[in-house]
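Please walk through the fold shown here, one packing contact at a time. Keep the coordinates open as you read.

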Amino acid sequence: MNRRVLFGCQLITYGDVEGTLRCSVMAEECGFDTVTLPDHLFHPSIKGFLEKPPWEVFTVLSAVGLKTRKVRLMPGVTDSVRRHPTLLAHTIATLDHLTKGRIMLGIGAGEAFNITPLKDVKWVKPLKRLRETIEIVKLLWKSTKEKTVDYEGEFFKVCGAYLGLKPLQKPHPPIYIGGYGPEMRRLVGTHGDGWIPWLHSPKVYGKDLKTIAEAARMVGRSLDDIDTAVMIQTVVLKDGDEARKVVVPRVRISLALRPRLLRDMGYGELADESFDIARLHFTEENVRRLHELAEKVPPEAVEE
C-alpha cells in the first residue's frame, strides 16, 4: 500500500493553442503528475455550450511534449471512431519518442457531437469497435517483421501489418479507457491498463470497481494491475465559499449529463429527465433543457 495518489490536470483551453501550452508548463511547475487534453472535432454552433473552437489534440500534445520535461501526457479521451487503430498506434508510438516515454493513450467509445456531421462514418456497436481498436493497437506495438499482425474483426481487418516504430515504454504506453457503463467497465478489467471515467461519487465509484475487478479475475488479472482514476470538476481557492460559487454550476451541468450516475446516487426522477452526453445532440432546445435540468440538481448531489 505504498502507492501515492497522483493528480492530473485536464486543460480545456479551447480556442487558445498558446494558452494551452502556457497552462501545460504551469501545471508541470505546480507539481501535477499528468496533463490531459480533450479530443473534440465539432462544437455546436449555438450559444450556451462549448462555444469556443477545439484544437486537434495530438498536434497540441506534440507541442506540449516539447515544452515540458516531466509531466505525463494523454488525450482525455480520444475515440475509436474517427481514427483507424493503425494510425492511433503509430501516433502514440511517435509521441512516446517525442516525449521520451511520457505519453499514455486515453480512449473511449466516442460522443455523438464529434461524429454526427460525418455522414460517411457509421457509429454502431461502439463497445465492440473500441475493443477491436485496443487489440489491434497492442498487437502492432509488439509486431515484428517476422511476426506481422493479421486481424479479422467486424470493424477492422488487418493483414500482414508491421509497425516499425515501437514505443519506448515497456511493455507499451498505458491505455486508459474512459467510460462508465457496465460493459465498458468489463472492458477495462480485461483490456485496460487504467480507468478514467468522467464524474463519480465515492460510493458509486467503489461499487463500479467491483465490476472491473470481477472482469479482471476472469482473465487472470488483478485490480492491482489497473490504475483507477477519475475526472471530476475541481476548483482550488483560499476561500471555500468562492470556490463553490465557481464549481457548483459546472457540477450541476455535468450531473445533468450523467443519467446512470444520478440513478445510482438515488435521483431516479432526475435521471429520467437527463441527457447522456455520449448521445446528446447540442441543439438550442436541448441546451435550454439541459440548463433547466441542472437547476434541479440538489446541493447534496453536488457535494457528493
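Helix H1 crosses helix H2 in a right-handed sense. This is a predicted model. Two packed helices are described by the angle between their axes and the distance between the axes. For H1 (residues 17-29) and H2, the angle is about 45° and the axes lie 10 Å apart. On the H1 side, Thr20, Leu21, Ser24 and Val25 make the contact. On the H2 side, Val60, Ala63, Val64 and Lys67 meet them. By class, the contact of H1 with H2 has 5 nonpolar, 2 polar and 1 charged residues.

An open sheet of 3 strands has the order S1-S2-S3, and its pairing is parallel. Strand S1 (8-10) and strand S3 (72-75) are the edge strands. Each has a single partner strand, so one side of each is left without a neighbour in the sheet. On average, neighbouring strands here are turned by 20° against each other, direction ignored. H2 (residues 57-67) packs on this sheet and touches S2 and S3. The direction of H2 makes about 175° with that of S3.

How many bridges join S1 to strand S2? There are 3, and the two strands run parallel. S2 covers residues 34-37. Gly8 stands opposite Thr34 in S2. Gln10 has Thr36 as its bridge partner in S2. In a regular strand the side chains alternate between the two faces of the sheet. S2 can be read residue by residue: Thr34 and Thr36 point one way, while Val35 and Leu37 point the other way. All four of these residues are buried.

Val77 sits in the loop between S3 and S4. The peptide bond from Gly76 to Val77 is cis, with omega near -5°.

S4 belongs to another open sheet. That sheet has 5 strands in the order S4-S5-S8-S9-S10, with parallel pairing. Its edges are strand S4 (78-79) and strand S10 (227-228). Each edge strand has a single partner strand, so one side of each is left without a neighbour in the sheet. Strand S8 (residues 175-177) and strand S9 (residues 194-195) run parallel and are joined by 2 bridges. Tyr176 finds its bridge partner in S9 at Gly194. Helix H5 (residues 126-141) packs on this sheet, where H5 touches strand S5 (105-108) and S8. The direction of H5 makes about 175° with that of S8.

Several loops deserve a look at their backbone. Lys125 lies in the loop between helix H4 (112-115) and H5. Phi of Lys125 is near 45°, a positive value in a residue other than glycine. Is Lys125 buried or partly exposed? Lys125 has a relative accessible area of 48%, so this residue counts as partly exposed. Pro171 is placed in the loop between strand S7 (157-161) and S8. A cis peptide bond joins Lys170 and Pro171, with omega about 0°. Leu199 lies in the loop between S9 and H7. Phi of Leu199 is near 70°, again a positive value in a residue other than glycine. Leu199 has a relative accessible area of 7%, which means that Leu199 is buried.

Helix H6 (residues 182-191) and helix H7 (residues 202-218) pack at an angle of about 45°, and their axes are 7 Å apart. That angle makes H6 oblique to H7. H6 passes H7 in a right-handed crossing. Which residues meet? From H6 come Pro182, Arg185, Arg186, Val188, Gly189 and Thr190. From H7 come Asp208, Thr211, Ile212, Ala215 and Ala216. The residues of this contact divide into 5 nonpolar, 3 polar and 3 charged.

Thr211 lies in H7. Leaving aside neighbours within four places in sequence, Thr211 is in contact with Pro182, Arg185 and Arg186. Why does Thr211 count as buried? Its relative accessibility is 15%, and buried means under 20%.

Terms used: Residues numbered from 1 in each chain as written. Predicted model: local features only at pLDDT ≥ 70, side-chain atom pairs only at ≥ 80, totals over all residues. Heavy atoms only, no water. Axes fitted to C-alpha atoms, helices over the stretch in contact; angles between N-to-C directions. Helix = DSSP H or I, 4+ residues; strand = E, 2+ residues; numbered from the N terminus. Parallel < 35°, antiparallel > 145°, perpendicular 65-115°, else oblique. Left-handed = near helix turned anticlockwise from the far one by under 90°. Contact = heavy atoms within 4.5 Å. Nonpolar A, V, L, I, M, F, W, Y, C, P; charged D, E, K, R; others polar. Buried < 20%, exposed > 50% of the residue type's maximum accessible area, 1.4 Å probe, protein only. Pairing = 2+ DSSP bridges.
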